[in-house]
Amino acid sequence: MGILSSLKPKKVFEYFELLSSVPHGSGNTKQISDICVDFAKKLGLEYYQDELNNVVIIKPATEGYENSAPLIMQGHLDMVCTKDEDCQIDMATEPIKLTVDGDWVRAIGTSLGGDNIIAVAMIMAVLDSSDLSHPRIEAVFTVDEETGMDGAMGLDVTPLRGRMMLNLDSEEDGVLTCGCAGGARVDCALSARRETLPNGFTAAKIVISGLQGGHSGVDIDKGHASSNQLMGRLLYNLARSTDLRLVEMWGGKLDNVIPLYTESVIAFPASDYSKIEKLAAEFSDKFKFEYSTAEPGMEITFEKCDTAEKAVTKEDTDTMLFTLLTVPYGVEAMSMDIKGLVQTSLNLGVLKLNENELNFSFATRSSILSQKEMLVQRITAILERVGGTATVRSSYPGWAYRKDSLLRDTIASAYKDQTGKDSVISATHGGLECGLFIEKLPGLDCVSIGPDLRDVHSTRERLSISSTARLWDLVCEVLKRLK
């Protein structure tokens with residue numbers, strides 16, 4: 001008996017549990033891709049698996065739908081892997097541990113991966129059905145969506161005949177997403193020359209922890225603090241009061257996750273220890289006051305540690321801290337057309353001081369191309385001014401709202417008939433693969449829907465069971481109406 005075996009829709013949750021039985025973080029998708037291939041083989045369905053681990057599975061139309069337009073159904077196989085500090089699971093080699101908590105499916109100590117395994121599980125249930133009426137289904141399971149949509153970028157769309165696509169990567173019941181922001185990753189580097197510390201220096205370890213974190217797209221406007229941004233701000237101010245040198249610094253694991261933990265080791269004259277300890281405590285109080293509502297669990301610790309022989313030079317330390325203080329962060333602009341929608345933002349998700357270099361990465365997003373380009377320019381200009389570098393990767397297009405959409409109208413009508421309520425037509429600041437598919441398949445009519453998912457990309461991530469059941473009913477009805 002599986003953990004989810006008593007939940008309904010039964011096949012959806014059975015496949016969710018099967019997919020969750022193997023690790024499938026971004027860049028680690030071979031096992032889960034092979035599960036999808038084995039599934040297709042057992043059902044005797046046409047399938048394609050590429051070297052990236054993308055999978056396409058095709059199911060013919062049912063009787064009476066042979067002349068209907070094919071439908072692409074799409075989701076991604078990879079998840080964001082994050083875990084509590086005391087969690088012993090190795091998410092690169094071990095599966096997550098599922099649990100049921102009332103109406104929610106969660107994982108114990110880790111992120112759940114409901115984003116986006118629920119989509120794959122639901123599409124597999126459609127492919128495995130014998131009693132659903134539907135047109136030709138072209139199921140597309142992409143990889144590495146969370147780290148730049150590399151799977152969708154490299155996908156060969158030759159097998160796809162459909163010009164309608166139902167993406168199941170949204171996270172709110174009753175919301176039809178019909179547009180999204182474009183984005184790009186920006187990798188930055190600064191020189192970290194090291195030298196032997198002068199006599200009389202001591203060292204201290206500073207840790208910022210207990211933050212909420214969250215998705216750098218859908219949660220960027222929630223007021224959550226960034227541990228990386230706060231660490232830069234704190235160290236900049238400490239450096240104004242002493243001869244501070246960086247020894248170690250790291251924070252965050254993925255550029256599209258708001259970082260919730262950062263630690264650093266600093267060296268400075270031992271005669272300044274009491275002064276610096278007091279100043280760090282003062283800034284701790286300031287940060288806790290600023291984020292008293294959004295970050296009630298914030299902790300900042302300052303403790304003496306063993307002094308290293310070498311540290312980053314004073315000049316390079318000052319350059320790093322100046323840069324971390326001045327680079328933009330968070331929401332840059334809100335949409336003037338859609339109330340409450342973030343238009344432009346960026347997140348400093350990963351920070352790592354290596355032996356000879358400080359590396360840090362941003363996820364930039366905007367529903368307006370020129371503003372996305374502006375963010376990249378600002379970051380690049382700052383880095384070049386201080387002698388560093390900024391490299392753009394994984395740039396993906398936004399998805400513009402389509403005025404005429406048969407798929408959107410069909411879903412909205414089915415939702416109204418099933419619930420008695422109007423669906424919400426919206427756009428998202430999170431990145432979706434629809435824009436890439438539209439580039440590859442001109443004229444593609446896309447809509448994205450999904451069940452209620454909360455706190456994705458964090459260890460608080462949870463999937464609503466009742467909402468999943470409602471979504472399944474909606475998907476089945478939409479398939480029936482696409483005749």
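Modeller: Let's go with strand S7, residues 164-167, which is covered on both faces: Met164 and Leu166 on one side, Met165 and Asn167 on the other, all buried. Buried here means under 20% relative accessible area, with exposed over 50% and partly exposed in between, using a 1.4 Å probe and protein chains only. Strands are DSSP E runs of at least two residues and helices are H or I runs of at least four, numbered from the N terminus.

Before going further, bear in mind that this is a predicted model, so local features need pLDDT of at least 70 and side-chain atom pairs count only at pLDDT 80 or more, while totals for chains, interfaces and linings use all residues. Residues are numbered from 1 along each chain as its sequence is written, and side-chain values use heavy atoms, with hydrogens and water left out.

Now the neighbours of S7. Strands count as paired if DSSP finds at least two bridges between them. Strand S3 (residues 71-76) pairs with S7 in the parallel sense over three bridges, and Met73 stands opposite Leu166. Strand S21 (residues 445-448) also pairs with S7 in the parallel sense, over four bridges. There, Leu166 has Val447 as its bridge partner.

Next, the rings. Rings of Phe, Tyr and Trp (for Trp, the six-membered ring) pair if their centres lie within 6.5 Å; planes under 30 degrees apart are stacked, over 60 edge-to-face, and the rest tilted. The structure holds six aromatic pairs. One of them, Phe268 with Tyr273, is stacked, at 6.0 Å centre to centre and 20° between the planes. Phe268 counts as buried because its relative accessibility is 0%, and Tyr273 is buried too, at 15%. Phe360 and Phe362 have their ring centres 6.0 Å apart and their planes at 75°, so that pair is edge-to-face. Both Phe360 and Phe362 are buried.

The charged end of Lys286 is over the Phe283 ring, 4.3 Å from its centre, and Arg462 lies over the face of Trp104, 5.2 Å from the ring centre.

Methods:
A charge sits over a ring if NZ of Lys or CZ of Arg is within 6 Å of the ring centre and within 35 degrees of the ring normal.
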